[in-house]
Amino acid sequence: MALYALGDLHLSFQTDKSMDRFGRVWKHHERKIEKYVNKTVKPEDTLVFTGDHSWGRKLEECREDLAFIERLPGRKILLRGNHDMFWDAKKTERLNEEYKGRLFFLQNNFASYGEYALVGTKGYTFEGPFYLDPWGNITGWDEAREEHAKKLVAREIERLRESFRQAEAAGYRKYIMFLHYPPTNILEETSPFTEIAEEYGVTAVVYSHCHGERRFGDSIRGMFHGINYMLVSGDYLGFHPAAVLP
Ligand SMILES: [Fe+2]
Ligand SMILES: [Fe+2]
């Protein structure tokens, strides 16, 4: 039994949104996902997809993308990404009823993995705009947007706390925390997300959303304050699922 994660599939079986123009790694990326997940993940394993599953705007435009995910091996858990328009946070229960036994939608709930609870939410990070000097150093940023971002972070922290609360009430003391957005923005060394991760003593924080060489280093990677921070964006991993726990 093993726990894997992979983010940002950006599937478009029902929409005209090819990812090919974003570089070689995205060329027929759905074939890579199929190949590498089938090679690595066993039926008894768990695989968490950390958001941005589909380009479809409504559930009916995502059916084939979700069916593709469903056909992959193992138990599949999905987190919300910023592009997952089909998934209204308030309608998570409805999705879980409809896909019961096939896909699990992680939002204001948790999943178990042995003695671990898998908790998570989309998260949020302030992404600018930043103002740069001619050498590319940040000299300022849009402060109104930063204020707005703080509100979204607070809302996401409350959703994450609910996930932790439920896991704790069910008796769990070990956690893996999943986010779609990176836990910190490029100005921060810590954030409300790293603080809650430390408060609960999570083993790992797994996130994605960052695309392209220039963005992969936007947040924490590796060990920080005793927690393993893992970036699992599909293009970062070449679409090989990352092992989170043995
Ligand atoms: Fe993405
Ligand atoms: Fe994203």
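**Reading strands, helices and burial**

Trainee: In which sense do strand β1 (residues 3-6) and β2 pair, and over how many bridges?

Mentor: Strand β1 and β2 are parallel partners, joined over four bridges. Strands are counted as pairing if DSSP finds at least two bridges between them. Helices (H or I, at least four residues) and strands (E, at least two) are themselves DSSP runs, numbered from the N terminus. Within this pair, Y4 stands opposite L47 in β2. Please note that this is a predicted model, in which local features need pLDDT of at least 70 and side-chain atom pairs count only at pLDDT 80 or more, whereas totals for chains, interfaces and linings use all residues. Residues are numbered from 1 along each chain as its sequence is written, and chains are lettered from A and ligands numbered from 1 in the order in which they are written.

Trainee: Which helix does the chain pass through from β1 to β2, and what is the hand of this crossover?

Mentor: A crossover is right-handed if, with the strands pointing away from the viewer, the path from the first strand over the helix to the second runs clockwise. Here the chain goes from β1 by way of helix α1 (residues 29-40) to β2, and the crossover is right-handed. A further right-handed β-α-β unit consists of β2, helix α2 (residues 63-71) and β3. Strands β2 and β3 (residues 75-79) run parallel and are joined by four bridges; T46 has R75 as its bridge partner in β3.

Trainee: Which residues of β2 are buried, and on which side does each lie?

Mentor: In a regular strand, side chains alternate between the two faces of the sheet. A residue is called buried if 20 or more other C-beta atoms lie within 10 Å of its own, exposed if 12 or fewer, and partly exposed in between, with C-beta atoms placed from the backbone. In β2 (residues 46-49), T46 and V48 are buried on one side and L47 and F49 on the other. Both faces of β2 are therefore covered.

Trainee: Which residues of helix α2 are buried, and which are exposed on its other side?

Mentor: An α-helix has 3.6 residues a turn, so residues three or four places apart point the same way. The buried residues of α2 are D65, L66 and I69. They lie on the same side of α2, because they cover an arc of only 95° around the axis; the arc is that of the directions from the helix axis to the C-beta atoms. On the other side, E70 and R71 are exposed. The buried residues pack against β2, β3 and β4 (103-106), where a contact requires C-beta atoms, placed from the backbone, within 7 Å.

Trainee: What covers the buried residues of helix α5?

Mentor: Helix α5 (residues 192-199) has F193, T194 and A197 as its buried residues. Seen down the axis, these fall within an arc of 100°, so they line one face of α5. Their cover includes β9, β10 (204-207) and β12 (227-231). After α5 comes G201, with a positive phi near 60°.

Trainee: What is the strand order in the open sheet of six strands, and which strands form its edges?

Mentor: The order is β5-β6-β9-β10-β12-β11, and the pairing is mixed. The edge strands β5 (111-113) and β11 (222-224) each pair on one side only. From one strand to the next, the twist averages 25°; axes are lines fitted to C-alpha atoms, for helices over the stretch in contact, and angles run from 0 to 180 degrees between N-to-C directions. Inside this sheet, β6 (residues 116-121) and β9 (residues 174-179) pair in the parallel sense over six bridges, and Y116 stands opposite K174 in β9. Helix α4 (residues 143-169) packs on the sheet and touches β6 and β9; its direction makes about 165° with that of β6.

Trainee: Why does I138 count as exposed?

Mentor: I138, found in strand β8 (residues 138-141), counts as exposed because it has 12 C-beta neighbours inside 10 Å. Leaving aside neighbours within four places in sequence, I138 is in contact with F130 and L132. T139 also lies in β8 and counts as exposed, with 9 such neighbours inside 10 Å.

Trainee: How many helices and strands does the protein have, and what is its radius of gyration?

Mentor: There are five helices and 13 strands. The radius of gyration, taken over C-alpha atoms, is compared with a globule rule of 2.2 Å times the number of residues to the power 0.38. For 246 residues, a compact globule would come near 18 Å, and the protein, at 17 Å, agrees. Of these residues, 41% count as buried.

Conventions
Contact = placed C-beta atoms within 7 Å.
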